Amino acid sequence: MSKAIHSLCLSALLAAPFLLNAETITVTIDSYDPQTVEHYQAGDSFSNLEEALKKMPMTSEEIADISDLKIITTGTYTYDDRGNQREVNISMQPSDFTFLNTLTQLERLDMSEALINGRGDRIGMLTNSYPRNAFDGNQSLKTIIHGKNIENLDRNTFSNMALEGTFTIPATVKTVSGYDMIFGGTTGIAAFEVEAGSPYLKSVDGVLYTADGKTLLMYPPSKEGTNFTIPEGTETLGTSAFGWNQYLETLTLASTLVNLPAKESQIINNAIKIKAIYVADGNPRYASSNGFLVDLETGSLMAFPPANLDETIVVDGSIVKIVPNNYFSNAVGHVKNVIFTEGVERINAYAFKIGTGVTSVLEYLELPSTLKMIQREAFVGNKVLLQVICKATTPPAFDPVQIFRESNGKDLRCGVPEESLELYKASDWNLDVNAGANAIPGDQIVPLRNIQIENGTCVQSASVAGYLVEITANEAPSEDVSFVEWLSEPAGVEFVNKNGSTTSFTMPDHDVTITARFSPKQPYTLIDAVTASGEAPVGGKVSIEALPAMDGKTFRYWKVVEGEGLVIDNPNAISTSFTMVEGTVTIQAVYDYTYMIDITGGYAPFDAFAGDVVAITAVPQANETFVCWTSPSEGVDFADPNSAETTFTMPDHDVQIAATFEEKSGLDAIGQPLGLYPNPATDYIVSGCDTASCYTIYNMQGIALLRGIVNPGEAIFIGHLPTGLYLFTSNGHKTKFVKE
C-alpha cells in the first residue's frame with residue numbers, strides 16, 4: 001500500500017483521510033503558490049513539494065526520514081498573461097528538485113504520474129524536461145522512475161549520483177547527445193534500458209545507442225566484463241562514451257567507427273582499467289600500435305590507455321608521426337624503455353615531463369633518424385634516465401626551453417651517429433652551447449654503437465659503450481634443437497651469463513652482432529637421480545639433482561658411466577650441473593653406507609664413508625695437555641697419533657676414538673675445569689662461573705651452535721639441540737657435556 005494524498009488544498013486535506021505506509025510515501029501536488037516564480041527569482045528555498053508534505057501533515061523529522069517517495073501532480077492554475085487569463089497544468093518546478101536533494105534518506109523516487117517543468121522562470125511553460133543539475137551530486141537516490149512525457153535530459157541531470165542497477169529511459173526522451181554530461185561521475189549504473197517504441201534511442205546488451213545504431217552514446221559505468229568490441233555499423237562515439245567504467249580492460253573500435261570526440265582521450269575518461277585500445281582491420285581513420293590508438297589522418301598518438309603498465313613501449317613510426325603533449329607524463333612512472341621506430345617526426349611539449357606525484361623510472365629512450373622537432377620541456381624530471389639514443393644525422397630542432405631539465409645528470413649519455421658528433425656538440429643539444437635549452441653536457445654526447453641480433457631479440461638497436469644491454473633468445477626453431485650459448489662478432493663481448501637464454505652483455509665501443517646459438521638435442525641418461533633423463537644440445541648446461549639417501553645409503557658422488565670428456569661441475573654435490581658432450585651420456589648418482597665415529601676428548605664428523613680421510617681435533621680441559629690418540633677399533637691408523645689435529649682413513653665399520661691427556665703441573669696448571677651441571681643434560685645446563693661470562697657451545701665438528709652471556713647460576717636452554725656430545729667454552733675454560 002502507499003500513502004495517498006488526494007488534495008493539498010487545506011479543505012480537501014482536512015476532509016480526505018490518508019494511510020501511512022513504511023514502504024512508500026505518496027504525495028499529490030494539486031496547488032501552486034502564485035509567488036513560485038518570484039521565490040525562484042529571489043533565490044528563496046520555497047518548494048511546492050515541501051509545502052505539500054508539510055500539509056499532509058508531516059513533521060520535519062518525518063520528511064527527513066523518507067526513503068521511498070511517489071509524487072503525483074494534478075489540476076491546473078491560472079495566471080494573468082498580459083490581461084488574458086491562462087490555465088496551466090500544475091507541475092514539478094526546479095525548486096522541488098532542489099528540495100528533493102535535501103532528503104538524505106531518499107533512495108527511490110517515482111515521478112511516473114508527475115509533470116515536470118525544467119524552467120523555474122517560466123510561469124506558463126511545461127518543458128517536459130528536467131532542470132539542469134536536477135540531481136547533480138545526490139548520494140542517496142539509487143532508483144528513479146521518470147516523470148510522464150519527459151522529453152529532454154539536461155546537462156548534469158544525473159551526474160555524480162549513487163544510482164544503481166538498470167537505468168530506464170522513457171520512450172518519449174528525444175535527447176541524443178551529451179550523455180557524458182548527463183551521467184558524468186555516476187558509476188553505479190550497470191545497464192541502460194530504453195522503453196519500447198522509442199524513435200530516438202535503443203539499448204543493446206545494456207549499452208545506449210541512437211536508434212539507428214550509428215552513435216554509441218554511453219557504455220554503463222558499472223557493466224561487468226573486461227573486453228568490449230564496438231559493433232560494426234557504429235560510426236560515432238559520444239564524449240566519454242566509456243567514461244567511469246570500472247571493469248573494461250581492452251576496447252576494440254569497429255572498422256566503421258570514424259568519428260571520435262574532439263578531445264579523444266575523453267572516450268575513456270576515468271575508465272582506469274583500460275590497458276589497450278585496438279582497431280578492427282579496414283578502419284580508414286584509426287589504427288592501433290601495440291594497444292595505442294593512432295589517428296591515421298594526423299599521424300598522432302591518441303588516448304593513452306591508463307592501465308598500461310608495460311616496461312617497454314615501441315612506437316610504430318610507420319603510422320605514428322606525432323607524440324602529443326604530455327602523452328607519457330604518467331607512463332614514465334612504470335615504463336623503462338621507449339623506442340620510436342623510423343617515421344616518427346615530432347615530440348610535442350611536455351611529452352615525457354613527469355606528471356604530478358609521478359616518480360620516473362625511464363632509463364632508455366631511442367629516437368629515430370626521421371625525428372625533426374622536440375618541443376619545450378619534453379623530457380623534464382626523468383632523473384634515472386641513462387641513455388638517449390638519437391639516430392638523426394642532422395640534430396633535431398629544439399623549441400629550446402628546458403628540454404632535459406632534471407634528466408641530464410652525470411650518468412646520462414646521449415648516443416648520436418659518430419659522423420654527426422661534432423654537429424650535436426655545436427647545437428642546442430649541448431648544454432654548454434645553449435643553457436636555456438638545458439639539454440646534454442657536451443662531454444656526455446658520445447658516439448652510438450649499433451646492435452644486430454641474430455636468433456634473438458633486444459629492446460635496443462643501439463647503445464653507448466659500457467652500458468648493459470638485455471637480450472633474449474628466440475624460441476627454438478624446432479623441437480629437435482635447443483639454445484646453447486651467445487656468440488659475438490667481433491668476439492670478446494662480456495656476457496653476464498653466456499648460457500642463459502635471457503641475459504645481458506656490456507656494450508663494447510664498436511658495433512656488434514650478437515647471435516643466439518642453437519644445437520641439435522641428444523639424449524642423456526640419469527640413474528638413481530631425482531632429475532629425469534632427457535635431451536640437451538651439445539654445449540648446453542644441464543642441471544641435475546640426486547636423492548639425499550636411497551635404500552639406507554647416503555648420496556656420495558656423481559659417476560660418469562658414459563660420456564667421453566664430460567665433466568660434472570661439482571661431483572660431490574647433491575645438486576650440480578654438467579655441460580653436454582657429443583656421444584652417449586650416462587651419469588649415475590652413487591650412494592653408500594656411512595659409519596659412525598664415537599670420539600672422546602675431541603671432535604670429528606658424526607659419520608663418514610669408508611675410505612674418507614677424516615680430520616679429528618683434540619679438546620683438552622684448561623688444566624690438561626694432549627698426549628696422543630688411541631682407538632680400539634680395527635683399521636684405524638692415525639696419520640700422526642701424537643698431534644692434537646690429525647686424520648685417519650675411515651674403515652667400513654663404526655669406530656671409537658679417544659684423545660689421551662695429562663694434567664699440567666706448576667705454572668702450566670692455569671685455569672681449572674669449568675663446572676657444568678647436570679651432565680648429561682636434557683633441557684638446560686648451568687655453568688659454574690662466578691661472574692657474568694661469554695660462552696660458546698660447539699658440536700663435535702667444531703661448528704658454533706650457541707653464543708651468549710650467562711650470569712652465575714643462570715640456566716642455558718639446550719632442549720632444541722640434537723642428542724649427542726658437545727663442547728662448552730667460557731673464559732678460556734672448556735668442558736664437554738652430553739645432551740640426552
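Strands here are DSSP E runs of at least two residues, helices are H or I runs of at least four, and both are numbered from the N terminus. Two strands pair if DSSP finds at least two bridges between them. This is a predicted model, in which local features need pLDDT of at least 70 and side-chain atom pairs count only at pLDDT 80 or more, while totals for chains, interfaces and linings use all residues. Residues are numbered from 1 along each chain as its sequence is written, and side-chain values use heavy atoms, with hydrogens and water left out.

Strand 32 and strand 34 run antiparallel and are joined by five bridges. Pick Val469: its bridge partner in strand 34 is Phe505.

**The pockets**

Stay on strand 32 (residues 468-473). With five residues, strand 32 gives the most to the lining of the largest pocket. A pocket is defined on a 1 Å grid over the protein atoms alone, as an open set of points where a 1.4 Å probe fits, with protein on both sides within 12 Å along at least five of seven lines; lining residues have an atom within 4 Å of a point. The volume of the largest pocket is about 410 Å³. A volume is the space filled by probe spheres set on the points, which are joined across faces, edges and corners.

Which residues lie nearest the centre of the largest pocket? Select Asn337, Glu363, Gln460, Leu468 and Glu470, out of 19 lining residues. Colour the lining by class: eight are nonpolar, seven polar and four charged. Nonpolar covers Ala, Val, Leu, Ile, Met, Phe, Trp, Tyr, Cys and Pro; charged covers Asp, Glu, Lys and Arg; the others, Gly among them, count as polar.

Next, select Ser265, Phe304, Asn326, Tyr327 and Asn330. These lie nearest the centre of the second largest pocket, which is lined by 17 residues. The second largest pocket holds about 340 Å³ of space. Its lining divides into eight nonpolar, seven polar and two charged residues.

**The aromatic rings**

Phe304 and Tyr327 also belong to a cluster linked by ring pairs, with Phe404 and Trp429 among its other members. Rings of Phe, Tyr and Trp (its six-membered ring) pair if their centres lie within 6.5 Å; planes under 30 degrees apart count as stacked, over 60 as edge-to-face and the rest as tilted. The structure holds 40 aromatic pairs.

Select Phe97 and Tyr130. Their ring centres are 5.9 Å apart and their planes stand at 85°, so the pair is edge-to-face. Phe97 sits in helix 5 (residues 94-100) and Tyr130 in the loop between strand 5 (108-113) and strand 6 (143-145), 33 residues apart. Both Phe97 and Tyr130 are buried (under 20% relative accessible area with a 1.4 Å probe, protein chains only; exposed is over 50%, partly exposed in between).

Now select Phe404 and Trp429. This pair is tilted, at 6.3 Å centre to centre and 50° between the planes. Phe404 is buried at 0% relative accessibility, and Trp429 is buried at 1%.

**Hairpin and backbone stops**

Select strand 35 (residues 512-527) and strand 36 (residues 534-537). Four bridges join these antiparallel strands. Lys521 stands opposite Pro537. Six residues lie between the strands of this hairpin, where Asp528 takes a positive phi near 60°.

Most residues other than glycine have a negative phi, and most peptide bonds are trans. Asn133 has phi near 65°, lies in the loop between strand 5 and strand 6, and is partly exposed at 36% relative accessibility. Tyr350 has phi of about 60° and is partly exposed at 25%.

Finish on the cis bonds. The peptide bond from Met56 to Pro57 is cis, with omega near 5°; Pro57 lies in the loop between helix 3 (48-54) and helix 4 (60-64). Asn679 and Pro680 are also joined by a cis peptide bond, with omega about 10°. Find Pro680 in the loop between strand 49 (676-677) and strand 50 (684-687).
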